[in-house]
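Hi there,

Here is the structure I promised to pass on. My notes on it follow below.

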Amino acid sequence: EEKFSLSSQTLRSSRSITATIAEGFGRFHHQENIQFCRIAKGSLYETLDHLICACDEEYISKADLKKFKDLFGDVLKLLNGSKAKDSGKFAPNLRPR
């Protein structure tokens, strides 16, 4: 049951990252968009915490956790870069295709 719960929490927090970015992208004001990026960053850290717990409980391997941490760093850079200082624009790499 704990494994299922952790799996469910991880899925929800990881989906929240992209959903929050999408919601912020649809906002009119740049400051609102920045706030949604901050919220998405919180969901990113929450996902990392869930995966650390999963590794501690040996539900995932240390190698899988390392892969996620590498991706975590990339996504964190994107989220931090998306908060362009008062430019009113999203970083190009976060625009929908």
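Helices here are DSSP runs of H or I with at least four residues, numbered from the N terminus, and the expected span of a helix is 1.5 Å times one less than its number of residues. Please keep in mind that this is a predicted model: local features need pLDDT of at least 70, side-chain atom pairs count only at pLDDT 80 or more, and totals for chains, interfaces and linings use all residues. Residues are numbered from 1 along each chain as its sequence is written, and side-chain values use heavy atoms, with hydrogens and water left out.

Helix 2 has 27 residues and should span 39 Å, which agrees with the 39 Å between its end C-alpha atoms. After helix 2 comes glutamate 58, with a positive phi near 60°. Glutamate 57 sits in the loop between helix 2 (30-56) and helix 3 (62-82).

Now the salt bridges, meaning a side-chain nitrogen of Lys or Arg within 4 Å of a carboxyl oxygen of Asp or Glu. The count is 4. In helix 3, aspartate 64 pairs with lysine 67 at 3.9 Å, N to O; these two are 3 residues apart, about one turn of the helix. Lysine 66 and aspartate 70 also form a salt bridge, at 3.2 Å, and they lie 4 residues apart in helix 3. Within it, the closest N and O atoms of arginine 27 and glutamate 23 are 2.9 Å apart.

Best wishes
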